[in-house]
Amino acid sequence: MVMAAMADLSTAPGGTGRPVFPLSADAAPFTPPGTGCLYSDAGSQFSRCLSKLRCLRGETVGLREELNLLFDQLISENYNKTFNPDINIRPEDVCALLRQASCLVPQSQEHLVIKLCRLIHHLLNQLKVTVDEQTLDILLNYMVRALSVCSTWTHSDILLALSTVVYGNGPQSHKHLCELLGDGGVLLLYSSLSQMDMDLCRIALICMANICLGLPGQPCLEEQYSSKCFRVFLKTLQSPEPPNTDELLYCTVIQAALKGLQHCVSGGKWRFGGGEELGSLLAILKRLMFQGAPGVSVEWPSVLYPAALPQYEGQSAPKTAEPPKEAATPAKALGTKKKKSRAKGKKTGVEESRGEEGEEDEGEAAPAPQRGGARGGSGRREGGGDRGDLRSKPSVPSLYPSWKRSSSDSEFSDPEGGVQSKLRLYQGRVRQAALHCLLAVVKGVERRTLYGYWSSFIPDAPVGGPPPLTLLTIVLKDPSPKVRACALQVLSAMLDGSRQFLGVAEDTSSPRTSFTPFSFSLATAVKELHRALGLALLAETSAHTLTQIIKCLAYLVANAPYHRLRPGLLSPLWRLIRPYIRHRDVNVRVSVLTLYGALVTTQAPLPEVQLLLRQPEWSSGGGSTATFTPQDSALSWRRREGVPSPSRTPTTNAQRNAHKVTTLSPRAPHTPGEEEARGVPWMLQLCISLVTQPREDQTDSEGAATAGSVALEPAPVRLEALQVLAHLVRGYFSLAQVCLCELGQVSARCLQEMDPSIQLHGAKLLEELGIGIIQQYRPESNVPENNRVPTSQVVQFWFEVLSGPLNGALQSEQHPTLQTSACDALSSILPQAFAQLPDKTQMMCITVLLGLTYSENSLVKAASVRALGVYILFPCLREDVMFVADTANTILTALEDRSPNVRTKAAWSLGNLTDTLIVNMERIGERFQEELSDMLLLKMLQSATRASTDKDKVKSNAVRALGNLLNFLRYGQLTRSAFQRPLEDAVRALVKTVQSEATMKVRWNACYALGNAFRNPALPLDSAPWSVDAFSALCCVVTSCKNFKVRIKSAAALSVPGCRGCYGDTERFQHVWCSLATALENSEDTNDFLEYRYCASLRHTLSRALLHLLSLSQPQDMAALEASLAGEERRAIKGHLVKYVSGEEGGEVVAVDEVERDGGEDRCNPQQRAIGLQQTLNRLKEMKTEGEGEERGREAVVDFLEDLLKSCEELKVISPV
């Protein structure tokens, strides 16, 4: 009948010739006739007007009428690219038009001035044009003069145009800033609340805010002007509302001031004074965060002070009922809600109870700054008739705040009219602007300073009395989803990077009753965050805000120290987010996976997370049966809300299993019971299904259709699922290894897809699998051998991988990032498994890596060089002289590359290569040394010497390589003339590095390298001129370096030479002894508390070095030793040596680890140390001396050693020898 009526209308009088528009669901969207022509004509209309303006002159007859007509035509056009994306008006044409128009309009014609200002605002705002410097200067000159000569009624339009012109051009407007912002400047005058025109005040504040706006790549506004604007904005917010002021207009003034503060603070680090200014700003922002919030009546402090304990505000209004902790399901909680039809269609109870704010886009909670004027928006009503009905009903425990129970979500539909609803809308915008400003403050202020104010924005556990007003109050109770989302963004920014601060939190022990430790307060704050965000998660229905809640939880999980908290915080959260994995919104699903990734990453492996991963799927998901598949157990959004979907075509179990068979594994699929019996974590099954299986809702257009018209999950979901798999493998490999083959097949499938991002994450997953296997086989691993992945299975795994698409990824030149990840995956092969691969496969790996080192892409080259540095350590390859030579030549070439990243990886690989030379020298002997080319060794020595002058990242491994090479060279090579100068340059490079101001890691590597070189008996340490500098540098560092690890390495190096001749003459030997003795006496002198943990290790190494020198001492050294062992110095040295020999040194275990790293193994127990000391004593007793001085010195040293042994025996730790 409707169609018939429309047909009648089309033939009715006056309707002849009008087109008939059919009403059908399949019809194209309605477009008014001629609309396209109008939009496409905007560009040509602009060009015609520009041409006419260029032809006009000041003396033209009828100039005023002509300008009026042209301005009207230009202002009437819609230049918004949303409606007309094809419009193409060049910015330089817009600037030319505005320059010409400003020259033609005299300030005496005030109506034309207003039209010109509106035209400026219209064109620049809709076309998003930033004027050039010439136009900026002309227009600013014009408008500043107009403000001084035109009537006051024109100033609003002039300032509005001015705000558009200076948008992002504040620093470039320096010529006119004095007139605008100087003493008595027009903007300072109009921005004051003391003048009566609030609209003029608003526009002046907007103008100042746009001047303060900093754009990327542009200089900041001068300090004097930015500080002046900051004070104006702050004063505006601190001032009380003027009497008889329209509340809506006053809200826009507050918004403008908040936007200005946001622009000021966003310019970089905080630069607006000390703690008083920051405390004042935070107090204002906290007050405005609750502007117009229902049920909030508080005496707000004027300043917030940093404190360890929270500041509680006194609340005079009745407290809003807190949501109870007893959780009902969302469906139950919403079962009694009324449904209301809207003009745009019906929504379910869940959707309407917390509806999106009118027609505004909810995709972004922090919109881009606007060019003047308040941004349009909408709000939601509070109260109303429905609220009264709800109050009359018996109260039922609910998870939802009081505002959630309103059934009306209309913006301006309350009975008393639209004024109050509009006011609530504007107040919501004020709260949103305050939170945006607070977000800028959080990002701009130093974290250490901000931590003092946490208690004002993040509460501790609930206490008696009124609850504090914090960000969580907004998250739980604010009626606007955008405001809630902004509060969550601020909370996320505060939590991001707070790991060191929150790391103090601890509640594993019972707190003292006399006072509450700060660590316990932080722990309760973490618990309260978990509680409140969990409640918000259950209550939220806005998809965007829900995403922000889950992201905030991810930040919390990533930074909280759960290993220091009592277990039980993660389990409820784990189960709570489980249903949202099938939410209708892709962003929600992605954020859930991000949160799961954080859960399996934080302090992995956590016992609580291990237990959750081992639980059956139905137990974690909260279902009632153990036969769910991952898709079935995670209820979709339609099932949870009870809304049928006619277009839904779910995939059956048989279809899914068939898909498994064809795309995932050649074997028959495992049933859920079999998976549980195998101990497969349900999360691993879930992520595999998200990556590989068809999505349940085939009507969703966001998925990627495969060749068989099977739509997979959207790419963001699949990417995040792959990341969760990688995190799971990295942190909980013992649980994931049961699915090693399936995970390898998932990775192989990803590498075969067309999407480079999916391929990249597939390669990353493969790398994590390889690393997990390698870690099981490391000597320090505590994984029992029967729990490791069998070597045969590892061999089969890599054989299938290398026979699959990984080879194609390695040769994918159009995707260098994928090649890089494939190289990393190739370097994660277990060495034992590589040795058992077929020779053809091994050769393929080596050939591909050697070839990729010639890639033009620096990332690929760096990754391939690093992979060769891994392969050179493989036992099956390191003894192959040809492979060693090829790898060495490749590394030396890369060491000269222009890219610092390539040189860094090449230096690391060169260090590994020289480690291999030392291993082969010790295992094979001279045969390997003779087979390696002398010229190649010389090139390596020279390249490493040059690299030792590079950046610190290169230098740290270059000096390591130098130490190994100096240890490897044979006597015949060292005596050749070709090696003489390179040898001296290498040693002097190490000495220079030890004495330099480089990073401590570089310096201790250089000390280690010198110690490594001293092990070569062929080095002429007794006669070479460079040896004096080497010992002198080590002696200087061991006594004066602030870093104790550098001292440890230098002391270990000084104890390496195995014969007395290596220490040179008596003077040098005495210098070494005195340096070590002084270092031992001062081993606790440091101003850095962090260095104290290395004190025991330093004393251990120094004591061993001193006893080593005593064991090598000769008669000519006795006099020097006697002088050192006299007086107070004797007592200090003896005390430390007694502790060392008797094993009483507290850091012995640490010390042994440090010494073993240096190559000076000290695995002797106290009994063996005493035996060595007794042997030294016996040797000295039998020593023949010449002269009275030597004999007296010998007797003094013997007396010292006897006294030392006696003291050790008295401790009854060792037996007398």
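Predicted model: local features only at pLDDT ≥ 70, side-chain atom pairs only at ≥ 80, totals over all residues.
Below are some spots to look up in the structure, sorted by topic.

**The whole chain**

- The chain has 1217 residues, and buried ones make up 55% of them.
- Take the contacts in the chain with a separation of 6 or more: residues 24 or more positions apart account for 74% of those.

- Is N169 buried or exposed? With a relative accessible area of 4%, N169 counts as buried, because the cut-off for buried is under 20%.
- Not counting residues up to four places away in sequence, N169 touches T130, V131 and L136.

**Helices side by side: α4 and α6**

- Helix α4 (residues 91-104) and helix α6 (residues 133-149) have axes that come within 10 Å and cross at roughly 30 degrees.
- Angles under 35 degrees count as roughly parallel, so α4 is roughly parallel to α6.
- The crossing of these two helices, α4 and α6, is left-handed.
- On the α4 side, C95, L98, R99 and S102 make the contact, and on the α6 side it's Q134, T135, I138, L139 and Y142.
- Sort the residues of this α4 and α6 contact by class and you get five nonpolar, three polar and one charged.
- A handy thing to know when you look at lists like these: an α-helix has 3.6 residues a turn, so residues three or four places apart point the same way.

**Helices side by side: α52 and α54**

- Helix α52 (residues 1000-1014) packs with helix α54 (residues 1044-1054) at an angle of about 5 degrees, and their axes are 8 Å apart.
- That angle makes α52 and α54 roughly parallel to each other too.
- Which residues meet here? From α52 come M1000, R1003, W1004, C1007, Y1008, G1011 and F1014, and from α54 come K1045, V1046, K1049, S1050 and A1053.
- By class, this contact of α52 with α54 has seven nonpolar, two polar and three charged residues.

**A helix tucked away: α33**

- How many residues of helix α33 (residues 682-692) are buried? The count is 11 of the 11, so α33 is largely enclosed by the rest of the structure.
- Among the buried residues of α33 are W682, M683, L684 and Q685.

- T791 belongs to helix α38 (residues 791-802), and it's partly exposed, with a relative accessible area of 21%.
- T791 and A833 are 42 residues apart along the chain, yet their C-alpha atoms are separated by 6.2 Å.
- Leave aside the neighbours within four places in sequence, and T791 is in contact with Y777, Q832 and Q836.

- Some background first: most residues other than glycine have a negative phi, and most peptide bonds are trans.
- The peptide bond from A604 to P605 is cis, with omega near -5 degrees, and P605 is in the loop between α26 (586-601) and α27 (607-614).
- K128 isn't a glycine, but its phi is positive, near 55 degrees. You'll find K128 in the loop between α5 (110-127) and α6, where it is exposed, with a relative accessible area of 57%.
- N244 isn't a glycine either, and it has a positive phi of about 60 degrees. N244 lies in the loop between α11 (223-238) and α12 (247-265) and is exposed, with a relative accessible area of 84%.

Key:
Residues numbered from 1 in each chain as written. Heavy atoms only, no water. Axes fitted to C-alpha atoms, helices over the stretch in contact; angles between N-to-C directions. Helix = DSSP H or I, 4+ residues; strand = E, 2+ residues; numbered from the N terminus. Parallel < 35°, antiparallel > 145°, perpendicular 65-115°, else oblique. Left-handed = near helix turned anticlockwise from the far one by under 90°. Contact = heavy atoms within 4.5 Å. Nonpolar A, V, L, I, M, F, W, Y, C, P; charged D, E, K, R; others polar. Buried < 20%, exposed > 50% of the residue type's maximum accessible area, 1.4 Å probe, protein only.
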